[in-house]
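Dear colleague,

I am handing over the structure we spoke about, and I would be glad if you kept it open while you read. My notes on what was found in it follow directly below.

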Amino acid sequence: MAGTRPYPDESAGPFPAPPTTLEDGADRQIDILASDDFEDTLEDVVEMYDQFDPTDRAQGIPPTGEERIRNWLETIADESVNVVARHGEDVIGHAMLVPDTDDPASIEDNADIEWELAIFVLQAYQRAGIGTMLLEHLLGHASTIGIDRVWLTVERWNNPAIALYERVGFESTGTESFEQEMAIRL
């Protein structure tokens, strides 16, 4: 599937890379961390998604129920690139890039791989700038490890998410009936 999407000609960025501690719009100290060994963070991320309001799910993710959440995350854990936002000991945000390939060997070589983005922030922490921080640091981490093409789909009526993606440099690349596809080159 590599190379099937249009990408902007110009690279976006540079973006900051984790780790860092920032203050959000509600004056909370938020730690942004790359999760190179996702197994160490998995339980905390499962707990975050278990608290997630099902009405805020997008395109069927995150799944509902602890077992389904764990299965979903374990399925993508080995190949995905993950960044988490923590407030104290709690994971309150998670952003990931999942390789868009059926050939796991090509991931290690980063051989012309496109990466799909997903990002979630717990409702109690939304609208405080955490999504922006998380997204920028995920893209910074991705750039440092050699990822250069990222894409996503977003529900067309999700104007806050679309505005966030555009602010960091994503461009619209296509529209289906309910979704807008966007892409960025790092």
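Is R5 buried or exposed? R5 is buried, with a relative accessible area of 14%, where buried means under 20% relative accessible area, exposed means over 50%, and partly exposed lies in between (1.4 Å probe, protein chains only).

Before going further, please keep in mind that this is a predicted model, in which local features need pLDDT of at least 70 and side-chain atom pairs count only at pLDDT 80 or more, while totals for chains, interfaces and linings use all residues. Residues are numbered from 1 along each chain as its sequence is written, and side-chain values use heavy atoms, with hydrogens and water left out.

**Salt bridges**

Side chains of opposite charge can pair when their charged atoms come close. The structure holds 9 salt bridges, a salt bridge being a side-chain nitrogen of Lys or Arg within 4 Å of a carboxyl oxygen of Asp or Glu. One of them is formed by the side chains of D100 and R5, at 3.0 Å from N to O. This pair links distant parts of the chain, since D100 sits in the loop between β4 (90–99) and α3 (104–109), while R5 sits in the segment before β1 (20–23), 95 residues apart. The names of these elements follow DSSP runs numbered from the N terminus, with helices (H or I) needing at least four residues and strands (E) at least two. Both D100 and R5 are buried.

R5 also meets the side chain of E114 in a salt bridge, at 2.6 Å from N to O. Because E114 lies in the loop between α3 and β5 (115–121) and R5 in the segment before β1, this pair ties together parts that are 109 residues apart in sequence. E114 is buried as well, with a relative accessible area of 0%. Taken together, R5, D100, E114, D148, R149 and E181 are linked in a network of salt bridges.

Another salt bridge joins the side chains of R70 and E66, at 2.7 Å from N to O. R70 and E66 are 4 residues apart in helix α2, and are therefore separated by about one helical turn. R70 is buried, with a relative accessible area of 18%, whereas E66 is partly exposed, at 41%.

**Charge on the surface**

Which residues gather in a patch of negative charge on the surface? They are D36, D37, E39, D40, E74, D78 and E79. Patches of this kind are made of residues with over 30% relative accessible area and no salt bridge, with like charges joined within 9 Å.

**Helix α4**

How far apart are the end C-alpha atoms of helix α4? They are 21 Å apart, which agrees with the 21 Å that the 15 residues of α4 (residues 130–144) should span at 1.5 Å a residue, the expected span being 1.5 Å times one less than the number of residues. Since 11 of the 15 residues of α4 are buried, the helix is largely enclosed by the rest of the structure. The buried residues include I130, M133, L134, L135 and H137. Just after α4, G146 takes a positive phi of about 95°.

**Details of the backbone**

A cis peptide bond joins G13 and P14, with omega of about 5°, and P14 is found in the segment before β1. Another cis peptide bond joins P18 and P19, also with omega of about 5°, and P19 likewise lies in the segment before β1. The C-alpha atoms of P19 and I32 are separated by 5.5 Å, with the two residues 13 apart along the chain. I32 lies in strand β2 (residues 29–34) and counts as buried, at 0% relative accessibility.

Finally, D27, in the loop between β1 and β2, has a positive phi of about 60° although it is not a glycine, and D27 counts as exposed at 58% relative accessibility. R127, whose place is in the loop between β5 and α4, has a positive phi near 65°, and R127 too is a residue other than glycine. R127 is exposed, with a relative accessible area of 75%.

With best wishes

Methods. Patch = residues over 30% accessible without salt bridge, like charges linked within 9 Å, V, L, I, M, F, W, Y side chains within 5 Å. Areas by Shrake-Rupley, 256 points an atom, 1.4 Å probe, with all protein chains shown as cover. Lys, Arg positive; Asp, Glu negative; His and termini not counted. Charge placed at Lys NZ, Arg CZ, Asp CG, Glu CD.
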